Amino acid sequence: MENVTYSVEQVRDKVSQAFPDVVFDDARMEARRLYMTADRSILFNLCKLLKDELGFCHCSLVSGVDRCDKFQTVYHITSYESNITLEIVVDLPHDEPVVDSVTPLWGGANWHERETYDMFGIIFKGHPNLKRLLLPEDYKFFPMRKDCSEGGL
Amino acid sequence: MAEMWINMGPQHPMTHGLWNMRVKVDGETIVDSEPVIGYLHRGWEKMVENRTYPQIIPMADRLCYGSSFTWSHVYCMTVEKLMDIEVPERAKYIRAMSDELQRIGSHLMWLAAIGTDLGNLTVFLYATRDRELFLDLFTSLCGARMTYNYCRIGGVRNDAPENWVRDLERTLDYFEKRLKEYDMLIDKSKLFRMRMEGLGYMSAKDAINAGITGPVLRASGVKYDIRHNDPYEVYDELDWQMCTHDACDTWARYRVRMMEMQESVNIVRDILKKMPKSGPIRVKPPRAAPVGTAIARMEDPRGESLMYLVGDGTDKPYRLSVRSPLFVILSATPQLLKGSKIADVPSILGMLDVCMGETDR
């Protein structure tokens with residue numbers, strides 16, 4: 001990747017040009033932070049654009065959130081050249097939590113996606129080795145879901 | 001020769017924590033490997049959903065006992081971001097200073113561990129003894145040797161004690177001399193260098209794609225340090241140099257960490273110069289956080305730590321997700337180990353500074 005730096009506004013414009021459906025949270029935009037919401041059908045192509053053309057070379061974190069009526073996967077992706085960390089929120093229906101894996105793009109997402117599957121039961125399509133990571137392999141439930149209570153306190 | 005799998009762990013002198021490195025060997029050469037983790041999984045992220053915001057600070061300390069201040073720091077920064085709190089200037093300096101002291105303490109613990117890994121007990125004893133000086137500093141600052149419970153949402157718990165600057169300067173003067181001694185003891189020792197040079201090669205491109213951060217990334221020649229590229233607290237006002245190395249091997253990782261200790265000493269000296277002499281150290285935070293999300297990231301001694309917090313308007317987090325640097329680095333160990341000899345595993349993995357508390361959570 002040649003050393004081209006982009007400002008947050010330039011990244012925002014380039015993304016909305018290629019994907020007009022992506023919703024940006026402009027109120028929270030800062031010099032090194034960008035927040036957006038995308039549909040799961042375009043997630044992989046959006047990430048490919050970010051990585052190949054805008055230099056977002058590092059996947060910081062993939063996490064899941066159980067919103068009770070839906071699941072969310074949240075991606076934090078960093079550009080080392082432009083010093084921007086952006087957040088992509090993807091909504092998934094509760095009865096069909098399936099989303100494309102970004103591990104083919106960023107190897108660093110591998111265990112984060114495995115952990116999210118382990119804890120929430122979200123299926124990452126195209127992941128090379130989607131099996132339980134932290135919990136034993138014969139576990140029957142997904143403990144980070146909100147309907148799985150901790151007990152005690 | 002027939003290939004076979006060998007378990008290095010869960011109980012093994014190499015592992016530094018409870019995890020299992022399965023390696024597939026052809027004779028003595030590693031052809032494949034698979035890290036198995038989860039032995040220390042406590043359900044941290046689920047537990048915090050049932051605790052109030054201040055109750056989580058001591059739990060964040062326990063993510064890694066070796067660098068507990070940095071973990072409670074990144075947690076407090078995340079909550080402050082969500083609650084939109086501005087921390088007083090003096091508290092920011094105290095936090096940055098504690099971060100750097102913690103970095104030295106954490107790196108010294110790593111140095112002690114690789115000393116025994118590479119068969120030299122002298123390094124272990126020297127590093128442990130010097131680490132004790134920094135633990136003494138923390139004891140006088142907040143009363144605890146390891147899990148400090150010192151960072152607070154909106155500042156720090158208490159101001160530095162009387163004579164703090166004097167004690168700190170004495171320790172730093174002494175420690176700088178000791179660092180030169182380490183250089184003579186290790187850098188000039190052929191035995192150490194033979195066990196480090198040329199091992200565990202990882203190019204910058206592979207390291208970035210694998211999500212590797214921190215000293216291991218900088219040892220692959222990538223100039224990226226969150227303190228410099230995405231500064232938090234007061235790091236943009238401080239005068240310091242990023243430590244990188246181009247060799248991409250185990251030796252480079254060792255050198256980067258040793259250079260970082262020296263750089264941390266320089267940063268602490270700079271902080272002492274620029275820190276306001278008095279002033280408030282804490283603001284009172286609200287009890288409940290608003291509805292919304294927040295992230296904060298910082299340069300942990302081991303790499304990039306990041307927390308993603310979802311607030312739902314109550315006094316408990318709806319979701320708190322943790323990015324642990326070692327979690328990602330461990331996932332890349334098969335790439336590091338491939339082609340090495342089995343006797344080099346302790347050297348290569350020891351140089352990553354493995355901490356299972358933050359990996360398994």
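The structure is a predicted model, and its overall scores are an ipTM of 0.88 and a pTM of 0.90. For chain B the pLDDT averages 89, and 100% of the residues score at least 70.

Chain A is built from three helices and seven strands, which follow one another from the N terminus in the order α-β-β-α-β-β-β-β-α-β. The radius of gyration of chain A is 16 Å, close to the 15 Å that the globule rule gives for 153 residues, so chain A is as compact as a globular protein of that length. Of the contacts in chain A with a separation of 6 or more, 51% are between residues 24 or more positions apart. The table gathers some values for chain A as a whole.

| Property of chain A | Value |
|---|---|
| Span of the C-alpha trace along the principal axes | about 50 × 30 × 30 Å |
| Radius of gyration | 16 Å |
| Buried residues | 42% of the 153 residues |

Within chain A, helix H2, which covers residues 43-52, has Leu46(A), Cys47(A), Leu50(A) and Lys51(A) as its buried residues. Seen down the axis of H2(A), these buried residues fall within an arc of 130 degrees, so they line one face of the helix. Strand S2 (33-38) and strand S4 of chain A are among the elements that cover the buried residues of H2(A).

The two chains meet where 26 residues of chain A are in contact with 30 residues of chain B. On the side of chain A that touches chain B, at least two residues each come from strand S3 (58-66), strand S4 (70-79), strand S5 (84-93) and helix H3 (110-120) of chain A. The most is given by S3(A), which supplies six residues to that side. Sorted by class, the side of chain A that touches chain B holds 14 nonpolar, nine polar and three charged residues.

H4(B) is mostly covered, with 26 of its 29 residues buried. Just after H4(B), Gly119(B) adopts a positive phi of about 85 degrees.

Technical notes
Residues are numbered from 1 along each chain as its sequence is written. Chains are lettered from A and ligands numbered from 1 in the order in which they are written. This is a predicted model: local features need pLDDT of at least 70, side-chain atom pairs count only at pLDDT 80 or more; totals for chains, interfaces and linings use all residues. Two residues are in contact if their C-beta atoms, placed from the backbone, lie within 7 Å. Helices (H or I, at least four residues) and strands (E, at least two) are DSSP runs, numbered from the N terminus. Ala, Val, Leu, Ile, Met, Phe, Trp, Tyr, Cys and Pro count as nonpolar, Asp, Glu, Lys and Arg as charged, and the others, Gly among them, as polar. A residue is buried if 20 or more other C-beta atoms lie within 10 Å of its own, exposed if 12 or fewer, and partly exposed in between; C-beta atoms are placed from the backbone. The arc is that of the directions from the helix axis to the C-beta atoms. The radius of gyration is taken over C-alpha atoms; the globule rule is 2.2 Å times the number of residues to the power 0.38. pLDDT is the predictor's confidence in each residue, from 0 to 100.
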